[in-house]
Amino acid sequence: MKALILVGGFGTRLRPLTLSRPKPLVEFCNKAVLLHQLEALRQAGVTHVVLAVSYMSEALGAAMREQEQRLGIRISLSHEKEPLGTAGPLALARDLLAEGGEPFFVLNSDVICEFPFAVLAQFHRHHSGEGSLVVTRVEEPAKYGVVVSEPDTGRICRFVEKPRVFVSNKINAGLYIFSPGILQRIQLRPTSIEKEIFPAMAQEGQLYAMELQGFWMDIGQPKDFLTGMCMYLQALRAQHPEKLHSGPGVVGNVLVDPSAKIGANCVIGPNVTIGAGVVVEDGVRIKRCTVLEGARIRSHSWLESCIIGWSCSVGQWVRMENVTVLGEDVIVNDELYLNGANVLPHKSISESVPEPRIIM
Amino acid sequence: MPLKAVILIGGPQKGTRFRPLSFEVPKPLFPVAGVPMVQHHIEACAKVPGMKEILLMGFYQPHEALSRFLVSAQQEFKIPIRYLQEYAALGTGGGIYHFRDQILSGGAEAFFVLNADVCSEFPLQEMLAFRQQHGDAHSFVILGTTANRTQALNYGCIVANADTQEVQHYVEKPSTFVSEIINCGIYLFTPAIFQHIGEVFQRNQQELVLSAIYASRLYLNQYSKSHPERLAQNKPGGPVIRGNVYIHPTASIDSTAVLGPNVSIGEGVTVGAGVRVRESIVLHGASLHDHTCVLNTIVGWDSTIGRWARVEGTPSDPNPNDPYAKIDSETLFRDGRLTPSITILGMSHLHPAPHSGASLRLTPHALSAGCSVTIPAEVVILNSIVLPHKELSRSYKNQIIL
């Protein structure tokens, strides 16, 4: 089977991290986002993945080649010269996707969940429609595309993008499977699948919804990235508790790369991810944070709800909170207070940031 | 030559800008650099040859803490010290005039008047020498210092003849620029002053030093020259000391703590592992738990700061690039934001303990209700004033917490 991953462009909402790496290569819970998806797809029998990108980087190309080898799947690139939206890339990759005549998966690259690809394929085979999409229940559906479907068959009646009044709390989770026939509906121009393609398909009774089990998150911005991390770690606790860290000073769900070092008298967790080669010195308290590869957190510091970028150095007695995000190679001097600071790569911070702002 | 010194300590209505600390203890007794504020004045006066007696003048009610302080200070500095209580706030001139007989008793030929609010090196002997050089037996001396042009407007401004140093013109808090030389609130008078009282300046309402932390820094800095034994040193097995730090001998400090510069640690204070204290005063009985970070703060008596908490105020320094800048008039709110350094308060009463050694012990009154301020673990308290007996449960920024 095949899959198309909508990678898109610059990943501006996840800056400053995406100033250093393409978004699919940012590590989520110690594994590149793209890799979470590729592994799940391969497990469901996918042998060929197409990445639809509008901005291509060397790093992404190199990572692709490495994963091809490792996972034993074929990875192709579909490079949009102009952004084609959420449907246009299918048209661009038409030949690749249609080859073989089988249904193919499409997914949004920001989505993290317990990927149900095998179940989705089975669900799709059992109805006669042209497309199946995964829905999930959320508390605030107005931010997303809302789906109204028949409870027994799952056939979608209506599709409302970002409704202003409450319609339903089931939303489009950004995971689809389509029969190749859908490619007739899509032209090679900027097209929104949610606004232009789906409503028509729903009206024709060609679209079916399958409800997702387990957690779901769009991790395209820092605060959602951290929320998604908490959900992922909770699922890990239920399914593979041996992968989580334990020991004195560990509270709740904590994931630590084996090459990381944690000092004495620390209290780490709940909901912390510590990347490869990270050094956490003595007396540090970390809660609800992602610490990316190679960073160093010096002694007696206190971190909550932060993302610490690759190779950062956080000084002693530093307090950081409220979705502070440090880009790659940022240095934070001793004894500072950062509250909601968004710091671009290679900066040196020598003054406290008591109120949220961006530091260039 | 027989001399006297009068130290004006004011009374309860004054020092409202020193709240909430002055709810707890008369401002002149507030510890600065490890000893009560006015003790620095007394020490300076006691050193002057010929000093016969030191008179504290103010309108506080008789106060146990004050009486005990006077007793212990007399024992320490071996000079008579008395408190003269004004029946009402008489003003600088009024008070001196009212007690002129007391001041002149014993044949004093000249006397110093010092404002207790002022933090200084107290160049009293230099003032005496200056008077000999420049004036005559009937001259008065006023100590001036240079401020910057803007800040000078907040003080008494002095215009002096460049050659003779004779004061030609004096204006208290002018609205337009008069002079950069401001009145320090330290004077040398002769008995002839009493004739001039009616014409002389009003009580200077302005406090030259509004920040106890800044005053503490100046005194600690002085200690490095005058009393180096009072300052803490780096020792194996001891905490890391940076710059000038005073630690009371009964305080208990973990060896992994890092203290200073400009830190005073009071009696019986405990400082836990990995604690960082900088530019702060920690009053007696307070307890700083592991990994806390205390910056630009006054931690009140018997307060507790929980693990990993951060307690921070704003540095109240004069502009470091301007050698003549003084502390700005303290406005509690600036642009709608609270701008003081933090004060965390402790117990509400003092009862003096038996005197021992160089420092006065101010310990909680047996009748105080409840405990002092408690800061929970892992919160941040930023630019806030916390009133006594308050137990906080979350972070606060830029607030007064009643």
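Of the 402 residues of chain B, 55% count as buried, where buried means under 20% relative accessible area, exposed over 50% and partly exposed in between, with a 1.4 Å probe and protein chains only. The model is a predicted one, in which local features need pLDDT of at least 70 and side-chain atom pairs count only at pLDDT 80 or more, whereas totals for chains, interfaces and linings use all residues. Residues are numbered from 1 along each chain as its sequence is written, chains are lettered from A and ligands numbered from 1 in the order in which they are written, and side-chain values use heavy atoms, with hydrogens and water left out.

Chain B holds 9 helices and 33 strands, these being DSSP runs numbered from the N terminus (helices H or I, at least four residues; strands E, at least two). Among its contacts between residues at least 6 apart in sequence, 57% join residues at least 24 apart, a contact being heavy atoms within 4.5 Å.

Helix 3 of chain B, residues 64–77, has 14 residues and spans 20 Å from its first C-alpha to its last, close to the 20 Å expected at 1.5 Å a residue; the expected span is 1.5 Å times one less than the number of residues. Within this helix, the buried residues include B:Ala65, B:Leu66, B:Phe69 and B:Phe77. After helix 3 comes B:Lys78, with a positive phi near 55°.

Between them, chain B and chain A bury about 1,500 Å², 48% of it on carbon and sulfur atoms, buried area being the accessible area (1.4 Å probe) that two parts lose on being put together, summed over both. Of the area that chain B buries against chain A, 41% is supplied by B:Trp308, B:Arg310 and B:Glu378, more than by any other three residues. The contact draws 20 residues from chain B and 19 residues from chain A. Across this interface the rule finds 4 salt bridges, each a side-chain nitrogen of Lys or Arg within 4 Å of a carboxyl oxygen of Asp or Glu. A salt bridge joins the side chains of A:Glu335 and B:Arg276 at 2.5 Å, N to O. On the side of chain B that touches chain A, two or more residues each come from strand 17 (276–278), strand 20 (293–295), strand 23 (310–312) and strand 30 (380–382).

In chain A, A:Thr191 lies in the loop between strand 11 (170–178) and helix 6 (193–203), and A:Thr191 counts as buried because its relative accessibility is 4%. Apart from neighbours within four places in sequence, A:Thr191 is in contact with residues including A:Leu84, A:Gly88 and A:Ile197.
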